[in-house]
Amino acid sequence: MNPDSRLHTKATLIGLSAPLCWGMSIGLTRCITETFGMAAGLAVFNWVTCAFLLLVLGLPNLKNFSKKFLFLGVPMGNVYTICYCLSLYLAEGPQQVVEVGMVNYLWPCLVVLFAVLFNGQKARWWLWPGVAACFFGLTMVLGGESGLRPAELLEHIRSNPWSYGLAFAGAVTWGIYSNVVRAWSNGQNPALIVFTIDAIMFTVLWAMGYGELSSGSLQGWISIVLGGIAVGGAYAAWNYGVTHGNITLIGIASYFTPVLSCIFSSLWIGASISGPFWMGVGVLVAGSLVCWHSTRAQS
């Protein structure tokens, strides 16, 4: 195996570890925002993440990044963070938290779709049924025990449009960002830059009175430390993987993140997962396999 192939394989394996870590993020982020308020816990969480990334990646050299990526690409990562955290903060109860999380987890589908549309990735026609299956699985998740009744589904979304809307906006943003990283980052990892900006933003909000640390519980503090390590490691692994590895394979593997997320959320925040919900998640994962095969046939 030549050095380029070894690097490609190593980067792909590292990238595949990101979904394992991200599987914990929904439960941990919700616990942090619920315990400390909107900004206080997230500020500390992001500084912990920055410290972990500094140990793993070291200081980035801004000169190695294109100005286009610094001024257009990096802000996409910050927009995603805001959408993601606010969608979980605004969710009403553990059940809605996992539903909002599943809306956010459309992003693996969108990473692959945008790679085909904008990044030159080739795919066969059955990519489209795979994408459709992912969205159909999401409607099953949101429909719950009521099933696929459009009127009730719309009413359910209208019950908390900001939470569901921000989750979907975050999924679209991350799908675009992941492809931008590959196209514009010059092989550099922007994780520490993105999280430093996130930490500053939430620290400013904390200073403005949004949340306080004195209300923290032991579970909340564990969530901050564990979340900082897991999310920081996942972010670093994801960026390295999509930059140097097989972006399609990493994106498809990310479809299994919802399964891990549901399991962890049920344990960490007491979310109750019903049979129809699991069926929807299963359809979403099945759609991922169809998408994976459509791109694999072209490799």
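**Ground rules.** The model is predicted, so I kept local features to pLDDT of at least 70 and side-chain atom pairs to pLDDT 80 or more, while totals for chains, interfaces and linings use all residues. Residues are numbered from 1 along each chain as its sequence is written, and side-chain values use heavy atoms, with hydrogens and water left out.

**Fold.** I looked up the secondary structure and got 14 helices and zero strands (DSSP runs, H or I of at least four residues for helices, E of at least two for strands, numbered from the N terminus).

**Overall shape.** I checked the radius of gyration (over C-alpha atoms; the globule rule is 2.2 Å times the number of residues to the power 0.38). The chain has 19 Å, which agrees with the value near 19 Å for a compact globule of 299 residues. Its C-alpha trace spans about 55 × 45 × 30 Å along the principal axes.

**Second largest pocket.** I put its volume at about 150 Å³. A pocket here is an open set of points on a 1 Å grid over the protein atoms alone where a 1.4 Å probe fits, with protein on both sides within 12 Å along at least five of seven lines; lining residues have an atom within 4 Å of a point. The volume is the space filled by probe spheres set on the points, joined across faces, edges and corners.

I listed the lining, which includes Val-103, Phe-135, Leu-153, Tyr-164 and Phe-168. α7 (127-143), α8 (150-158) and α9 (161-184) each give two or more residues, and α7 has the largest share with four.
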